[in-house]
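Here's a quick tour for anyone meeting this structure for the first time. Take a look at the sequence and the model, then read on.

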Amino acid sequence: MRRLKEGLFSWASMALLAALCCILAVLQYRWLGEISRAERDRLSAGLQADLNRMSQEFDSGLAAECRALIPGPGQLDTLGQVAAYEQRYARWKQTTSHQPLFRRVGLAVPDNRQIVLYEMDPSTGRFAVANWPAGWTVLRDRLKHRVAGDGPPPRFSGDALIEFPRMRRPGPGNNPSEPMELEWLIVEFDLAYIGREMIPRLVQSHASAVGGAYQAEVFSRTDPSNVIARSGLEANQRIGDTADGAIGLFDPERLRRLPRGRMGSPPRDMGKGPVGPPDMRSGPGRFQWTMLVRHTAGSLDALVDRVRYRNMAISAAVLLLIMATMAVVIRASRQARQLAELQMNFVAGVSHELRTPLTVIRTGAYNLKKRSGDPALVERYADLIQDESTKLTALVEQILRFAGAAAGRVIREREPVAVENVIEDGLRSSRLAASASYQIEKRIDSGLPLVLADEISLRHAVQNLLENAAKYGTEGSNWIGISACRSADGAAVEIRVADRGPGIPADEQRRIFDPFFRGRRALSDQIHGTGLGLNLVKKIAEAHGGAVEVKSEPMKGTEFTIRIPAAPPEMQDEFAHSIS
């Protein structure tokens, strides 16, 4: 009843723990979902804010390089219109590291409602009158309208072209009918350089700060098939609808308003107030390019899901570890209780085993003292005292051997030993030799190799198996068989001890080599024993590098087999003559 209650309590504890772990797993699943959504929103907001700063920094850098080409009023008054621009270009070329930034540089000057174009020769740094390039004609018409004042100018949406006007300084002598724009510095950017150098550098320095590496593409808003730049993408790969964020680049109106600075430097007003998403509509004063970015994991959702699944896996592993730990603790506690019971049974059994021979010895000694004149009685009691002393010695020796085995001293020095001598000594040392009630059948193959063993320990193991067979295997038959033969692979010698008794139940066979274990039949029949014999046999066999196994069937007997490795061939030749 006590064991039943303990078992029910253990199973109830496991069931309660499993239920609590399931509840915790459901709560963790929900919490991780909420954390993932919050993390997705945080990453998305951080990415968009970083893209906004990237757009401002990009336009600020372009404006800084362009305004470095515009001379001041003093230079214009001193050098003249064209020469002042040439000097500014020469100074810019000496100080900048972005020389490939401009594909063309021109100076548009109004002349009688016409616009004269001076184009810069990059090799000489000089302006010369030139025809308007095909891609600049729309800009030319727009400038004409602005000079003539003939209504709104035509819409201009060049992908890489921008003009910077120099305005007339206000004063009392100015004619109000004359245009306020004196000339225009026209810049056409080199898109190949921007796509190869500037865009990847911006993406690496900004977008990587919000959760890892990003892919990016920049294309024209008027012609989305015109891809200006790619970063982290293959040649024909597009981001499209899978983008995690979008931003506009190259706003001509904003470039004209930004202050003078240097390439790569953020505008001076950056960080003052919130950064909102830009207006990405096309047209004058709007962004001409669109940038799309996507995380290299596929998307921010994929990145967050990956982290979420990893956290779920870790949480599940922790819960499983808790359950496994609880199961191990319960199992260990049950085994500890079982071991404690076995140890208590062992103490009780040893006490009984010690008490019985000591009582017999004391009784025999008392009778010898009282009846010392009768020689027959003296001999009878002397034999009784001798037998019980032998049992007592064997019991003490077995306990000492078990203690030595627990301390790692199972066997002593090993030497080549003949198995037949070990069997003969084991038979003589056991109680079977002094009893005629057992039928001993011995069969030893000829030519067996020597084994490398501790002869005393190996003899003790054989003696234990013989006495075990006599104690438990002679019910209904007094036959005991002992044999020795070479193993199938020839590398060991096998010693077999068999009986024809009732056998060992199948559920007990895996436990019979455990210390202190005694079967149900031994306990019910009150057969004396300590439960140490077979455990010592196993330890002795394993200490020799061998093994012991049992084969048993109900009512068909039991057979134990000790397998001991043979000695090396050089020892066989050296010791064979002396042993024989």
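This is a predicted model: local features need pLDDT of at least 70, side-chain atom pairs count only at pLDDT 80 or more; totals for chains, interfaces and linings use all residues.

**The whole chain**

- You'll find 14 helices and 16 strands in the chain; helices (H or I, at least four residues) and strands (E, at least two) are DSSP runs, numbered from the N terminus.
- The chain has 580 residues, and 41% of them count as buried, with buried meaning under 20% relative accessible area, exposed over 50%, and partly exposed in between (1.4 Å probe, protein chains only).
- Take the contacts (heavy atoms within 4.5 Å) between residues at least 6 apart in sequence: 72% of them join residues at least 24 apart.
- The accessible surface is about 31400 Å², and carbon and sulfur atoms account for 54% of that; these areas come from the Shrake-Rupley method with a 1.4 Å probe, and for residues only the protein chains shown count as cover.

**H10 and H13**

- The axes of H10 and H13 (residues 533-543) come within 9 Å and cross at roughly 145°; axes are lines fitted to C-alpha atoms, for helices over the stretch in contact, and angles run from 0 to 180 degrees between N-to-C directions.
- On the H10 side, the contact includes Ser457, Leu458 and His460, and they belong to a group that meets H13 residues, among them Leu534, Val537 and Ile540.
- Sorted by class, this contact of H10 with H13 has seven nonpolar, five polar and no charged residues; Ala, Val, Leu, Ile, Met, Phe, Trp, Tyr, Cys and Pro count as nonpolar, Asp, Glu, Lys and Arg as charged, and the others, Gly among them, as polar.

**H9 and H10**

- H9 (residues 419-429) and H10 (residues 455-472) have axes that come within 8 Å and cross at roughly 55°.
- That makes H9 oblique to H10; angles under 35 degrees count as roughly parallel, over 145 as roughly antiparallel, 65 to 115 as roughly perpendicular, and the rest as oblique.
- H9 passes H10 in a right-handed crossing.
- The H9 contact with H10 brings together five nonpolar, four polar and four charged residues.

**Two residues with positive phi**

- Phe250 isn't a glycine, yet its phi is positive, near 60°.
- Phe250 sits in the loop between strand S8 (245-249) and H6, and it counts as buried, at 0% relative accessibility.
- Met555 also has a positive phi, near 65°, in a residue other than glycine.
- You'll see Met555 in the loop between strands S15 (547-553) and S16 (557-565), and Met555 is exposed, with a relative accessible area of 66%.

- Arg256 is part of helix H6 (residues 252-257).
- Arg256 and Leu62 are 194 residues apart along the chain, but their C-alpha atoms are separated by 10.0 Å.
- Leaving out residues up to four places away in sequence, Arg256 touches Arg67, Ile162, Glu163, Phe164 and Pro165.
- Arg518 lies in the loop between helices H11 (506-509) and H12 (520-524), and Arg518 is buried, with a relative accessible area of 18%.

Definitions and conventions: Residues are numbered from 1 along each chain as its sequence is written. Side-chain values use heavy atoms; hydrogens and water are left out. A crossing is left-handed if the near helix is turned anticlockwise from the far one by less than a right angle, and right-handed if clockwise.
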